[in-house]
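The following paragraphs walk through side-chain contacts and surface features. Keep the model in view while reading.

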Amino acid sequence: MTICTTDGFVVDLPGHFYGTQNDASIMKIIMEDPNGISQLLQPGDIFILDRGFRDVKDYSEGLGYVVLMPALEGMAKQLSAKDANLSRKVTKCRWVIEAVHGIVSGRSKLLHNQVDNKLLPKIGTYACISCYLNNEYGKR
């Protein structure tokens, strides 16, 4: 899980989480941590999320945050022009996060491939170091 700004800086790498946990349950755990990222957040802050977080959208909005995510068509065959344009804007902002993941994993081959079981206790440290190097020396 990566908490990233819209200009490509990695703020936090919370974790380790089980592979069976989905994005929404992980976010709820992160938000309920009194010593975590919730200390930096203020009501009215904007979360730009993908559809994997749709189960936690109401929870986040209940805490006073604004949640933006790509629109779902639902029962309609097509989105309205307004919803489609908003969805494109959200996707464009989320692209930065995907690009950061690609850059960090591309520069540190250890994080891009399968990890040997012996490295599991240290993989979080390696990820933090890779993100720090990207924050410090990466191009925006």
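D116 and K118 make a salt bridge, with their closest N and O atoms 3.7 Å apart. This is a predicted model, and side-chain atom pairs are counted only at pLDDT 80 or more. D116 is partly exposed, its relative accessible area being 42%. K118 has a relative accessibility of 69% and therefore counts as exposed, since the exposed class begins over 50%.

Elsewhere, salt bridges with shared partners connect D50, R94 and E98 into one network. Across the whole structure the search returns 3 salt bridges. The side chains of R94 and D50 meet in one of them, at 3.5 Å from N to O. This pair ties together distant parts of the chain, 44 residues apart: R94 belongs to helix α3 (residues 81–107), and D50 lies in the loop between β3 (46–48) and α2 (57–62). R94 also forms a salt bridge with E98, where the closest N and O atoms are 2.6 Å apart. Here the two partners are 4 residues apart in helix α3, so about one helical turn separates R94 from E98.

D50, at 23%, is partly exposed. E98 is also partly exposed, with a relative accessible area of 42%.

How many disulfides does a search of the whole structure find? The count is 0. C93 takes part in no disulfide, and the nearest cysteine sulfur, which belongs to C4, is 12 Å away. C93 counts as partly exposed, with 33% relative accessibility. For C128, the closest cysteine sulfur is in C131 at 6.9 Å, which is too far for a bond, because a disulfide requires two sulfur atoms within 2.5 Å. C128 is partly exposed as well, its relative accessible area being 41%.

Aromatic contacts come next. The count of aromatic pairs comes to 1. Why is the pair of F47 and Y65 stacked? The ring centres of F47 and Y65 are 4.9 Å apart and the planes stand at 20 degrees, so the pair is classed as stacked, because planes under 30 degrees apart count as such. The pair joins distant parts of the chain, with F47 in strand β3 and Y65 in the loop between α2 and β4 (66–68), 18 residues apart. Both F47 and Y65 are buried.

A further ring is involved with a charge. K28 lies over the face of Y59, 5.0 Å from the ring centre.

I129 is located in helix α5, which covers residues 123–137. With 45% relative accessibility, I129 counts as partly exposed, and it qualifies for a patch because the accessibility cut-off for members is over 30%.

Taken together, the contacts described include the network of D50, R94 and E98, the stacked rings of F47 and Y65, and K28 over the face of Y59.

Key
Residues are numbered from 1 along each chain as its sequence is written. This is a predicted model: local features need pLDDT of at least 70, side-chain atom pairs count only at pLDDT 80 or more; totals for chains, interfaces and linings use all residues. Side-chain values use heavy atoms; hydrogens and water are left out. Helices (H or I, at least four residues) and strands (E, at least two) are DSSP runs, numbered from the N terminus. Buried means under 20% relative accessible area, exposed over 50%, partly exposed in between (1.4 Å probe, protein chains only). A salt bridge is a side-chain nitrogen of Lys or Arg within 4 Å of a carboxyl oxygen of Asp or Glu. Rings of Phe, Tyr and Trp (its six-membered ring) pair if their centres lie within 6.5 Å; planes under 30 degrees apart count as stacked, over 60 as edge-to-face and the rest as tilted. A charge sits over a ring if NZ of Lys or CZ of Arg is within 6 Å of the ring centre and within 35 degrees of the ring normal.
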